[in-house]
Amino acid sequence: MLLVRRIVEELDPEREGRQEFAEDILNEISLVKNNRLDLAKYYSESCSGEKFREIYQAYETALRQQNKIDFDDMLTMTWELLSERRDILAGWQGRYRYILVDEFQDINQVQYDIVRLLAGDRANLFIVGDDDQSIYRFRGAKPEIMLNFGKDYPNAVQYLLTTNYRSTERIVRAAGKVIAHNKKRYPKDIKAVREAGEKLVLSRCKNPRQQASRILHKMRQYREQGYAWKDMAVL
């Protein structure tokens with residue numbers, strides 16, 4: 001982050017909100033790398049395409065000058081190595097004959113491509129995930145990868161887990177009604193084994209300050225009712 005911010009300060013000194021801008025640019029750099037996108041054809045949401053390419057190339061140059069790579073480079077370079085060196089790929093395929101991927105809904109394209117290379121023709125893949133919990137699109141994760149898994153591996157067998165042991169029945173039912181509006185998902189009917197639980201409260205706030213004030217007021221009410229602070233959490 002510090003490296004990107006320094007580059008932004010050098011190349012775009014008049015930019016306001018440089019910290020937020022640098023964070024957005026770093027996320028987009030990660031997106032380009034993880035999806036192996038053509039930099040020349042990528043349209044930035046944070047600035048002009050020309051300015052983004054200038055910052056991107058300055059960032060890559062700075063990394064190389066310092067003999068460093070970032071986390072995304074670890075992935076892209078691994079994919080390049082396994083794609084270009086079939087002898088190395090064969091060695092790792094022989095070492096890991098069975099592959100299990102947890103939280104599969106968070107996988108991005110380059111990670112998936114690496115997994116597919118390692119799986120090879122054996123295709124001994126066991127993936128576990130929930131497409132409804134895909135929240136990392138900003139760094140390249142796409143629920144479409146999970147949804148299209150059956151097309152990539154036609155012989156795959158799907159086991160749908162429909163029992164929720166964690167949340168109360170009211171929470172599960174309400175969450176199901178909200179997520180049902182998503183168009184790209186596996187349809188599922190989740191059942192809770194726990195009791196109904198307390199009713200959910202939907203509160204509309206004008207701004208973050210009012211939201212914080214209402215939460216604090218509610219927590220104080222719980223404290224007066226005898227609940228300990230350690231038994232409360234704000235998500």
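**Entry 1: Arg36 and the loop around it**

I began with Arg36 and found it in the loop between helix 2 and helix 3; helices (H or I, at least four residues) and strands (E, at least two) are DSSP runs, numbered from the N terminus. I note that this is a predicted model, in which local features need pLDDT of at least 70 and side-chain atom pairs count only at pLDDT 80 or more, while totals for chains, interfaces and linings use all residues. Residues are numbered from 1 along each chain as its sequence is written, and side-chain values use heavy atoms, with hydrogens and water left out.

I looked up the backbone of Arg36 and recorded a positive phi of about 50°, although Arg36 is not a glycine. Arg36 counts as partly exposed because its relative accessibility is 36%; buried means under 20% relative accessible area, exposed over 50%, and partly exposed in between (1.4 Å probe, protein chains only).

Asn35 is also placed in the loop between helix 2 and helix 3. Is Asn35 buried or exposed? Asn35 counts as buried, because its relative accessibility is 15%. I then listed its contacts (heavy atoms within 4.5 Å). Leaving out residues up to four places away in sequence, Asn35 touches Gln109, Gly140 and Lys142.

**Entry 2: Asn67**

I looked up Asn67 next and found a positive phi of about 55° in a residue that is not a glycine. Asn67 sits in the loop between helix 3 and helix 4 (71-84). With a relative accessible area of 75%, Asn67 is exposed.

**Entry 3: the nonpolar cores**

I then turned to the interior. In soluble globular proteins, nonpolar side chains tend to be buried together. A nonpolar core is a set of buried Ala, Val, Leu, Ile, Met, Phe, Trp, Tyr and Cys residues joined through side-chain atoms within 4.5 Å.

Which residues have the most contacts inside the largest nonpolar core? They are Ile25, Phe52 and Tyr59, in a core of 18 residues. Helix 1 (2-11), helix 2 (18-34) and helix 3 (49-65) each supply at least two residues of this core. Helix 3 gives the most to it, namely six residues.

For Ile25 I set aside the neighbours within four places in sequence. Its remaining contacts are Val4, Ser46, Cys47, Phe52 and Ile55. I also recorded a second, separate core of 12 residues, which includes Val101, Tyr112, Val115 and Met146.

I found Tyr153 in the loop between helix 8 and strand 3. Tyr153 is buried, because its relative accessible area is 11%. Neighbours within four places aside, Tyr153 is in contact with Tyr112, Arg116, Ala119, Ala123 and Leu125. Tyr153 and Leu125 are 28 residues apart in sequence, and their C-alpha atoms are 9.3 Å apart in space.

I placed Leu161 in the loop between helix 8 (149-152) and strand 3 (163-164). Leu161 is exposed, with a relative accessible area of 71%. From its C-alpha atom to that of Lys188, 27 residues away along the chain, I noted 8.9 Å.

**Entry 4: Leu75**

Leu75 has its place in helix 4. At 13% relative accessibility, Leu75 counts as buried. Residues up to four places away in sequence not counted, Leu75 touches Asn34, Val110, Gln111 and Ile114. I also looked up Lys177, which is 102 residues from Leu75 along the chain; the two C-alpha atoms are separated by 37 Å.

**Entry 5: the whole protein**

I ended with the totals. The protein has 10 helices and four strands. From the N terminus on, I read the order of elements as α-α-α-α-α-β-α-β-α-α-β-α-β-α.

What is the radius of gyration of the protein? It is 23 Å, whereas a compact globule of 235 residues would have a value near 18 Å. The radius is taken over C-alpha atoms, and the globule rule is 2.2 Å times the number of residues to the power 0.38. Along its principal axes, the C-alpha trace spans about 60 × 55 × 35 Å.

Of the 235 residues, 29% are buried. Among contacts between residues at least 6 apart in sequence, I noted that 67% join residues at least 24 apart.
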